[in-house]
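Please read them alongside the structure.

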There are 2 protein chains.
Amino acid sequence: MGAASLVTGAPRTREREGEAGEEGLAAPAGLLPDADALGVYGRAADFEAIVEHLEAAIGGLDPVARPTQMRFPPVIARATIERCGYLHSFPHLLGTVFAFEGDDAAHAGLVAAAEAGQDWSGFQRMTDVALVPAACYAVYPRLAGRLPIDGRLIDVASWCFRQEPSEVPERMRSFRMREFVRLGPPEVVQAWRAGWLERAEAFVARLGLAPGLAPANDPFFGTGARFLARSQREQELKFELSVEVRPGVRVAAVSCNYHLEHFGAAFGITTPDGETAHTACVGFGLERLAVALIHAHGATLDAWPAHVRSNLST
Amino acid sequence: MGAASLVTGAPRTREREGEAGEEGLAAPAGLLPDADALGVYGRAADFEAIVEHLEAAIGGLDPVARPTQMRFPPVIARATIERCGYLHSFPHLLGTVFAFEGDDAAHAGLVAAAEAGQDWSGFQRMTDVALVPAACYAVYPRLAGRLPIDGRLIDVASWCFRQEPSEVPERMRSFRMREFVRLGPPEVVQAWRAGWLERAEAFVARLGLAPGLAPANDPFFGTGARFLARSQREQELKFELSVEVRPGVRVAAVSCNYHLEHFGAAFGITTPDGETAHTACVGFGLERLAVALIHAHGATLDAWPAHVRSNLST
C-alpha cells in the first residue's frame, strides 16, 4: 500500500451539496470571523464552553481504555509530512511555514514591497516546519521502533490546518481535532476500530445530532483521485459520521479510519515479533460538532435538552 | 509613534547568557521533542495538567474584572500582520503560510522534487494567512471603531509562533500565550497596567519562582534595533518578569506592555470622544512558566509545596 492510499484522521470528504451560492453567510453564534481571511474564526466564551464539554465527554467515551495522552502544537516537522505521503495525496490542503532570512538590505526590500501592496513572498524561505494537517501525524515518528505486546493506544489533539478557504462556517481552515490512535497487530487494530464505529455513532446520536454513518474517502488530489477514492471505499478504510450544520447541509464531523500498515511502514513501527504495525484512528472535528450542536439546540448551552447536557456532563 | 516602536504581549527579549554551548540539552519532564524540528515539542499529560492549572489560576487573578473572552486559532490574516508593523520590527520571527496552487503537472514536479530530497519551495505560493506572533494581535481588528466609555478589557489566548530554532527548551517556536488586553483612554490604560505589574509579580512570587521584574525591550531587527530598544526602555513601555528555568538561566515568562496609541491608530480604535484609543497588555508565557515550575518544584504536581498548589487551585 503506497503513500497515495493514505487515510487520515480527518473527516474532510467534500460534500458538494450546499456549497454553492452561499457567499456571505453569517457566522453561527460564538464565532468571530476574520474579515481578512476566509475560514479563520475567533471563538467567544459560549462557543469555547461547548468545545470544552465535548472534549471532556469524548475523553470519557471508552472508560476501560488507558490511553497515553499526547498534545501537540499546530506545527510539525516538514520531514514528517514528506515521509507520510501527504504531498502525494493532499498537496492542495497543506500549509507550509516560510520565514525571512536576510540582512538589512533584504529587510528594506521586504518592507518596501509590503508597504506598496506588492508581493513580498520572494523574501520568504521555506522552513523545516508545516502546519499540522491531522492530529495523529505527530504521534507516529515518536513511536518508531518496537511496540509492546498489546500495541499502543494514544489520546491526541491539536489544531489542524487545511488550505480550503470557504465562506461556510463548517469548513474552517484552522480547527481542532481530537483523536484516538491504535497501533498494533492487524486484528487488534481492526477490532478496536469496529468498537469505535459503534461508540462514536451512539455518542453523536445521544447528542441529538442524528448522525449518518457511511463509507467515505479522502479528498485526494489530481487525476489519480477517482481511482484512489474508489479503492479506499472498496476496502472500507474510511467511515464518516455526518451531522446537519445548517438546514439541509450535512458535513462529516467524526471519521474512523484504518490505515493498514501505511504509517507503520513509513515510520518504522513494528509489533514485538517484528511485523510492521497496523494503525487506525478515530477523529472528532470539535468545531463541526459544536456548530452542529448550536444548529440543533441553540446557542445557549444551559437551555439545551437535559439528555443532551447530561451526555456532555454539564 | 511609528510601527517600529511596536511593543507586543510577548515576553521574548533575548537573554544571551545561558544560550551558548548547550546543544543537545535533554527536554524537561513532560516535553516530547520533535526529532526533525528544533523548538517543536509535544506535551505529555503531566505537563498539560500544569498548563491547565496555570490557565485557571491566571484567569482568577483579577476577580473584580469582567473581561470579554476571545480565543483564537494559531493563524491570523496576513493583512493584520502587515497593518500592525510587525514586518518592520520583527521580520525574522514571523512565520508565513504558503500552499500549493497548481495542476497535475505542477504536482508531479513537487512530488518528484520532494522525493529526490530537493527544494520544493518553488511549488508553494504565499497565502493570506500567517502564524500568530502574539495572542493580542487578533483582538485589535475586531475592535475597530468606537469603544464604550469605560473602554474594553479582553481575555485572549492562542498558540503563538516565533521563528527562532533553538536547542533550549525554554525557547520554543510554538507555544501558548494567555493575555489580558486593555483598550481605552491613556490614563485608564496606564493605571490598569500598573495594577497588573504588581499583580503578576505577586502571583509569580506565590508560585515560588522568585521573579525578577525589570524594564525590557522587544528583540527588534536590524541596524535600527539598538535605537528602538533604547527608546522603548526609556519610555518604560515594556516590563518583564524573569524566572529561572535551568540552573543559572533566567528567561522572561510574563510581559507587561504599554503600546501607547500604536494599535489604536493602526486599526481605527477610538474612545467615545473620537480620540485614538491607547492599549496595554499583560502576557503570560504558559510553557515558560510550566518549565520554571518543574525546575523549581519537580515534575510531579502532586508533590509540590502546599502553598504553591493552593495558588494553582490543585
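How many residues does the contact take from chain B and from chain A?

1. The contact takes 57 residues from chain B and 57 residues from chain A, where residues are in contact if their C-beta atoms, placed from the backbone, lie within 7 Å. This is a predicted model, in which local features need pLDDT of at least 70, side-chain atom pairs count only at pLDDT 80 or more, and totals for chains, interfaces and linings use all residues. Residues are numbered from 1 along each chain as its sequence is written, and chains are lettered from A and ligands numbered from 1 in the order in which they are written.

2. On the side of chain B that touches chain A, strand E6 (residues 124-131) of chain B gives the most, with seven residues. By class, that side of chain B has 31 nonpolar, 15 polar and eleven charged residues.

3. In chain A, helix H1 (residues 45-59) packs on helix H8 (residues 286-297) at an angle of about 115 degrees, with their axes 9 Å apart. H1(A) is therefore roughly perpendicular to H8(A) (65 to 115 degrees).

4. Phe47(A), Ile50(A), Val51(A), Leu54(A) and Glu55(A) in H1(A) meet Leu286(A), Leu289(A), Ala290(A) and Leu293(A) in H8(A). By class, this contact of H1(A) with H8(A) has eight nonpolar, no polar and one charged residues.

5. Val132(A) and Val132(B) touch the most other members of the largest nonpolar core, which has 182 residues (buried nonpolar residues joined through C-beta atoms within 7 Å; buried means 20 or more other C-beta atoms within 10 Å).

Methods
Axes fitted to C-alpha atoms, helices over the stretch in contact; angles between N-to-C directions. Helix = DSSP H or I, 4+ residues; strand = E, 2+ residues; numbered from the N terminus. Parallel < 35°, antiparallel > 145°, perpendicular 65-115°, else oblique. Contact = placed C-beta atoms within 7 Å. Nonpolar A, V, L, I, M, F, W, Y, C, P; charged D, E, K, R; others polar. Buried ≥ 20, exposed ≤ 12 C-beta atoms within 10 Å, placed from the backbone.
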